[in-house]
Amino acid sequence: MRFGKIEYLNLLPFDVFIKKYPAPAHFKAFLEMRKSYPSRLNKDFLYRRIDAGFISSIAGYESVRKRRASCAGIVAKGAVWSVLALPKAQKDDYQSASSNALAKILGISGEILIGDRALKYKLNGGVGIDLGEKWWEKHHLGFSFGRLCFNQYAMFYRNLALSFVRKRVKIPYYILQARGRESQIASKDILRYLAHIHYRVGKKEEIALRRFYAQMRLKGIKKPMRF
């Protein structure tokens with residue numbers, strides 16, 4: 001059971017949840033070994049170097065089609081704070097294919113910045129267009145930037161995802177402090193940021209993803225592939 005983990009603050013509640021979840025020891029051991037940014041995990045997932053993980057929505061297209069996507073994701077209903085288009089020359093972010101595609105679909109140009117780097121930039125007063133907010137203004141639907149998808153062990157991952165989205169996770173103070181030191185983002189700002197994110201992919205989020213995939217096809221945006 002090889003699970004790949006995005007090493008961003010947006011999955012801090014999942015990090016806390018999974019520590020207590022009754023999973024096999026080898027699952028938790030691998031979890032600490034395979035941490036990276038979204039586009040790297042996309043490649044690991046497509047090449048089956050990992051069995052599951054929170055995969056960028058653009059790379060999860062085949063998983064959705066084959067019913068190998070769970071009810072858990074990384075969802076923003078409006079401003080997300082960590083996916084920005086900066087007022088600079090056009091430049092994709094190498095860490096996220098979904099965010100790059102979303103900017104093109106929304107007709108937004110600029111330098112795309114995601115994750116904790118984008119969050120820190122915003123909190124420090126940086127100017128940029130929030131792609132989650134722009135998607136909401138256009139569709140009034142939350143956007144799933146990632147989705148817990150799996151290649152095998154379907155029942156295990158479906159149950160894990162369902163347990164996660166049903167549980168209200170409280171982040172211990174010492175973990176907040178530690179992640180704050182690592183990211184150089186204050187604990188109170190981490191909590192403010194996490195208030196913009198939820199993790200259940202329901203019917204409305206499914207509709208949003210179908211619209212995203214349809215726009216990808218119309219604009220000829222290619223999804224990540226193994227070959």
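Trainee: Where does arginine 48 lie?

Mentor: Arginine 48 is in the loop between helix H3 (38-46) and strand E3 (52-56). Helices (H or I, at least four residues) and strands (E, at least two) are DSSP runs, numbered from the N terminus. This is a predicted model: local features need pLDDT of at least 70, side-chain atom pairs count only at pLDDT 80 or more, and totals for chains, interfaces and linings use all residues. Residues are numbered from 1 along each chain as its sequence is written, and side-chain values use heavy atoms, with hydrogens and water left out.

Trainee: What is phi of arginine 48 near?

Mentor: Near 60°, a positive value in a residue other than glycine. Most residues other than glycine have a negative phi.

Trainee: Is arginine 48 exposed, partly exposed or buried?

Mentor: Partly exposed, because its relative accessible area is 40%. Buried means under 20%, exposed over 50%, partly exposed in between (1.4 Å probe, protein chains only).

Trainee: Which loop is the place of glutamine 184?

Mentor: The loop between H9 and H10. Phi of glutamine 184 is near 60° and positive, again in a residue other than glycine. At 59% relative accessibility, glutamine 184 counts as exposed.

Trainee: How do H9 and H10 pack?

Mentor: At an angle of about 95°, with axes 9 Å apart. So H9 is roughly perpendicular to H10. Axes are lines fitted to C-alpha atoms, for helices over the stretch in contact, and angles run from 0 to 180 degrees between N-to-C directions. Under 35 degrees counts as roughly parallel, over 145 as roughly antiparallel, 65 to 115 as roughly perpendicular and the rest as oblique.

Trainee: Which residues meet there?

Mentor: From H9, Leu176, Gln177, Arg179, Gly180 and Ser183; from H10, Ser187, Ile190 and Leu191. Contact means heavy atoms within 4.5 Å.

Trainee: Now isoleucine 171. Buried or exposed?

Mentor: Buried, because its relative accessibility is 13%. Isoleucine 171 is in the loop between helix H8 (154-166) and helix H9 (173-183). Leaving aside neighbours within four places in sequence, isoleucine 171 is in contact with Leu12, Pro13, Val16, Leu176 and Leu194.

Trainee: And at what angle do helix H1 and H8 cross?

Mentor: Roughly 115°, and the axes of H1 (residues 12-20) and H8 come within 11 Å. That makes H1 roughly perpendicular to H8. Pro13, Phe14, Phe17 and Ile18 of H1 make the contact with Leu160, Ser163 and Phe164 of H8.

Trainee: Switching to the sheet. What is the strand order?

Mentor: E6-E5-E7, an open sheet of three strands with antiparallel pairing. E6 and strand E7 (129-130) are the edge strands, each pairing on one side only. Two strands pair if DSSP finds at least two bridges between them.

Trainee: How many bridges join E5 to E6?

Mentor: Four. Alanine 85, for one, has isoleucine 112 in E6 as its bridge partner.

Trainee: Which way do the E6 side chains point?

Mentor: Glu111 and Leu113 point one way, Ile112 and Ile114 the other way, and all are buried.

Trainee: Last one. Which residues of helix H6 are buried?

Mentor: In H6 (residues 115-123), Gly115, Asp116, Ala118 and Leu119 are buried. They fall within an arc of 160° seen down the axis, so they line one face of H6. That arc is of the directions from the helix axis to the C-beta atoms.

Trainee: What covers them?

Mentor: The cover includes strand E5 (83-86), strand E6 (111-114) and helix H10 (187-194).
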